[in-house]
Amino acid sequence: MTREPVSEHYRSGPLGPRVQAALKAAGLSSPGVSWEAFAPIDEFHVGGLDATRALAQALAPDPGATVLDLGSGLGGPARLLAAERECDVTGVDLSDEFVAVASSLTSLAGLDQRVRFQAADVTALPFADASFDHAVTIHVAMNIADRAGFYDEARRVLRPGGRLAILDIVDGDGDGEPLTFPVPWSTTPETSHLLTSGETIAELNTAMFEIVDAVDRTAWSLDWFAAQGRAAAAAGSPPPLGLGVVMGDRFATMGANLVANMTAGRVGVAQIVATRGDR
């Protein structure tokens, strides 16, 4: 996985100033803000904060565990793991802008001592073997053609017995029609690399991971989208914080296409927890 064109997809002009303006409009620009207040912008995945909490529960790290967030975005899941699970978290992301904003939000929330971020390619991680107790990855693999390299690297940096918790969009049984683009992770098919849940598990097994649990979260995700829609209709006007701040005006179309693709069965959502096996 290279920085282009994947990184380009997530750019929509200078991100830092837009986020700062949105935080100011929402009254969240001063130090001491609760990390949960950033959820509308930093939980950049289906299910939002609820899905992150469910994944953290499935991972079940002990307090003090070191966790690597593979594809950390604006840092919401990393901050949750630090605040609610008392983990020491390192996040990596291809986007330098995402890393900078994630670091800024972490400082505002006062979690600098437990959470840090750096720019890196998840298929070529800058860490020694067996550096982390556990790892998480949320809505990242859809952009990765080299899935074997991704899971091999995740296994390499985990300690023996370490767990990898995954929440990903997966290829569905579908209605025989191709995906409708753009979607949140890709504008064209060239940067969309979906596997089915079964194919994902097979790749994990090849990388010497043992599956602990695999849950189909598709129906739950559709219910979540419906609830989001009802809440937006009741609010009347969009709040200052939202994923449109990150992705621009195009995000409304991307989100609608994702729901349509999911409703048609072309994509689903899978939560998988696997343990690093021995070679």
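**A friendly note on the cavity and the sheet**

1. About 40 Å³ of space lies in the largest cavity. Please keep in mind that this is a predicted model. A search of the whole structure turns up one cavity of 30 Å³ or more.

2. To find the cavity's lining, look for Thr52, Leu55, Ala56, Pro77, Leu81, Val136 and Ile138. Two or more lining residues come from each of helix H4 (48-59), helix H5 (76-85) and strand S4 (132-138). Helix H4 gives the largest share of the lining, three residues.

3. Seven strands make up an open sheet with mixed pairing, and their order is S3-S2-S1-S4-S5-S7-S6. Strand S3 (115-119) and strand S6 (209-216) are at the edges; each has a single partner strand, so one side of each is left without a neighbour in the sheet. On average, neighbouring strands of this sheet are turned by 15 degrees against each other, direction ignored.

4. S6 and strand S7 (residues 267-276) run antiparallel and are joined by seven bridges.

5. Finally, which strands does helix H8 (residues 197-206) lie across? Helix H8 lies across strand S5 (158-171), S6 and S7, and runs at about 165 degrees to S6.

Technical notes. Residues numbered from 1 in each chain as written. Predicted model: local features only at pLDDT ≥ 70, side-chain atom pairs only at ≥ 80, totals over all residues. Heavy atoms only, no water. Pairing = 2+ DSSP bridges. Helix = DSSP H or I, 4+ residues; strand = E, 2+ residues; numbered from the N terminus. Axes fitted to C-alpha atoms, helices over the stretch in contact; angles between N-to-C directions. Contact = heavy atoms within 4.5 Å. 1 Å grid on protein atoms, 1.4 Å probe; cavity = no way out; pocket = protein on both sides within 12 Å on 5 of 7 lines; lining within 4 Å. Points joined across faces, edges and corners; volume = space filled by probe spheres on them.
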